[in-house]
Amino acid sequence: LTTSEEEKLDFYKNKTIIFQGNHNCLKELIKNNDDFLKELSKKIDLDILNHEINIGSQLENFQNTNKYYVDRSFQQLILNKEKLSDDIENQKIKDFFIINDPESSFLSDNKKVFVYNEIDNNQRVEEIIQELSRQNPKSSIHLIKKKSNKLLWEKSYGRINGLYEYLDETNEEISEDDLICYESKTYLVSDEAGMGKSTCLAHLAHKIKEKNPNLWVIKLDLNDYKQQFEKKNLKNYTIDEIADFLSKDILSLKTDLEHEIFKYKLLKYGGIVLFLDGFDEISPYYEDLVLDLLIKLKDTAIEKLFVSTRPNFKNKLEENLGVLSFAIKPFSEENKINFLIKYWKIKFEKQKHVLDSLKLEEALRKYAIALIKKFQNPNQDLKSFTGNPLHLKMLAKIFKENKNQFNQQKWEACKEFLDNYQ
């Protein structure tokens, strides 16, 4: 390129665009990559950047739901340390294990086990993985982290089946923030109906976007795209064709600039976070097609891929995606109370003449505790009923909207307060 051409590209690189609803600089979106901009200039007249340019749709508004959202925790089965240790010692393990042990207490002379600590050079770990993959292309490799004397799965290369015999019946609790920072780039969330999978994924999408505005964060409800999946055979698609399918058929990107930037980030340089919600809802007609799509997406430069499903598809997705699933922890007693308080407070947020917020909070907490206690009895099914966010929301709506639902005096008092308190 001549000096004038380079100056022109530099000028375009610093142009402001609207990326997913927020003003951003083009160079931030393309990671300041001059080579890509040169390629782009051959396909697109970059003078369009002199006009207002929109790249990507905004995430669906979460503001109303966020008013009563309670941060969730995730659960994942830990590995049985004793059984794994015994099989390692007795040379019975079939897969390779790379164990991150900060305390350097996990010792083994098994040639299928590599132990390191976080002080070690991570580059060396990557070299071990590459070498094992090259020498043993049909074998699986599992990255395990030792934390507080527990063995936690982090990532697998190959099939996950070899881990199942070592899974314990106990769970490790993981916060939303910790989940986002997890080593794996593919996440499977599996839980029963009403546990808040869709809402939780929407919240995680917004949280990731807030933390890193340069990421292209996309949340899709798979059930909305059955028509696009019709008569598609993604199994035979190349990675490039998969990118075209997502860009044009699913996301309906309107301009060539959007399309090229999306493909650039998905296929080469990363920066795409994709949430695919409701795998179970597209079964049986599009189940295999979407599974082919997920498997191919794993081989792209995608930053993170989140998939949600009900438990009946958990094993199939785990085995094909090479990941262990996360469940969502049911609401704790404090979660339930906080949810009810937040949900009921929405009723009063536009009323300027209510009592002060502290008195309102105190009163709502009182009635939330009374409602929760109603379900604290020997019948464990009733207690677990309120641990399900959908069920608890149904109860919250009854007490906010239906004054004649309960006849007992204490519940009438609760309803009288919620309906008439000013």
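User: Before we start, what should I know about the model and its numbering?

Analyst: It's a predicted model, where local features need pLDDT of at least 70 and side-chain atom pairs count only at pLDDT 80 or more, while totals for chains, interfaces and linings use all residues. Residues are numbered from 1 along each chain as its sequence is written, and side-chain values use heavy atoms, with hydrogens and water left out.

User: How many helices and strands are there in the protein chain?

Analyst: Helices (H or I, at least four residues) and strands (E, at least two) are DSSP runs, numbered from the N terminus. Here the protein chain has 18 helices and 14 strands.

User: And what share of the residues is buried?

Analyst: Buried means under 20% relative accessible area, exposed over 50%, and partly exposed in between, using a 1.4 Å probe and protein chains only. Of the 422 residues in the protein chain, 46% are buried.

User: What do contacts say about sequence separation?

Analyst: Contact means heavy atoms within 4.5 Å. Take the contacts in the protein chain with a separation of 6 or more: residues 24 or more positions apart account for 72% of them.

User: How do H12 and H13 pack?

Analyst: Axes are lines fitted to C-alpha atoms, for helices over the stretch in contact, and angles run from 0 to 180 degrees between N-to-C directions. The axes of H12 and H13 are 10 Å apart, at an angle of about 35°. For handedness, a crossing is left-handed if the near helix is turned anticlockwise from the far one by less than a right angle, and right-handed if clockwise. The H12 and H13 crossing is right-handed.

User: Which residues meet there?

Analyst: From H12 you have Glu 287, Asp 288, Leu 291, Leu 294 and Ile 295, and they meet Lys 316, Leu 317, Asn 320 and Leu 321 in H13. For classes, Ala, Val, Leu, Ile, Met, Phe, Trp, Tyr, Cys and Pro count as nonpolar, Asp, Glu, Lys and Arg as charged, and the others, Gly among them, as polar. That gives the H12 contact with H13 five nonpolar, one polar and three charged residues.

User: Where does Ser 325 sit, and is it buried or exposed?

Analyst: Ser 325 is in the loop between H13 and strand S14 (327–328). With 11% relative accessibility, Ser 325 counts as buried. A polar contact is a pair of N or O atoms within 3.5 Å; within protein, one must be able to donate a hydrogen and the other to accept it, and residues adjacent in sequence count only if both atoms are side-chain atoms. The Ser 325 side chain makes one with the side chain of Glu 318, at 2.9 Å.

User: What about Thr 309 in S13?

Analyst: Thr 309 is in strand S13 and counts as buried at 0% relative accessibility. Not counting residues up to four places away in sequence, Thr 309 touches several residues, including Leu 188, Phe 279 and Leu 317.

User: Now H3 and H11: how do their axes cross?

Analyst: The axes of H3 (residues 34–43) and H11 (residues 256–269) come within 11 Å and cross at roughly 145°, and the crossing is right-handed. In H3, Phe 36, Glu 39, Leu 40 and Lys 43 meet Leu 257, Glu 260, Ile 261, Tyr 264 and Lys 268 in H11. By class, this contact of H3 with H11 has five nonpolar, no polar and four charged residues.

User: What caps the N-terminal end of H3?

Analyst: Asn 33 does, with a side-chain oxygen 3.0 Å from the backbone nitrogen of Asp 35. The Asn 33 side chain also reaches the backbone nitrogen of Phe 36 at 2.7 Å. Asn 33 is in the loop between helix H2 (26–29) and H3, and at 15% relative accessibility Asn 33 counts as buried. Leaving aside neighbours within four places in sequence, Asn 33 is in contact with Tyr 264 and Tyr 269.
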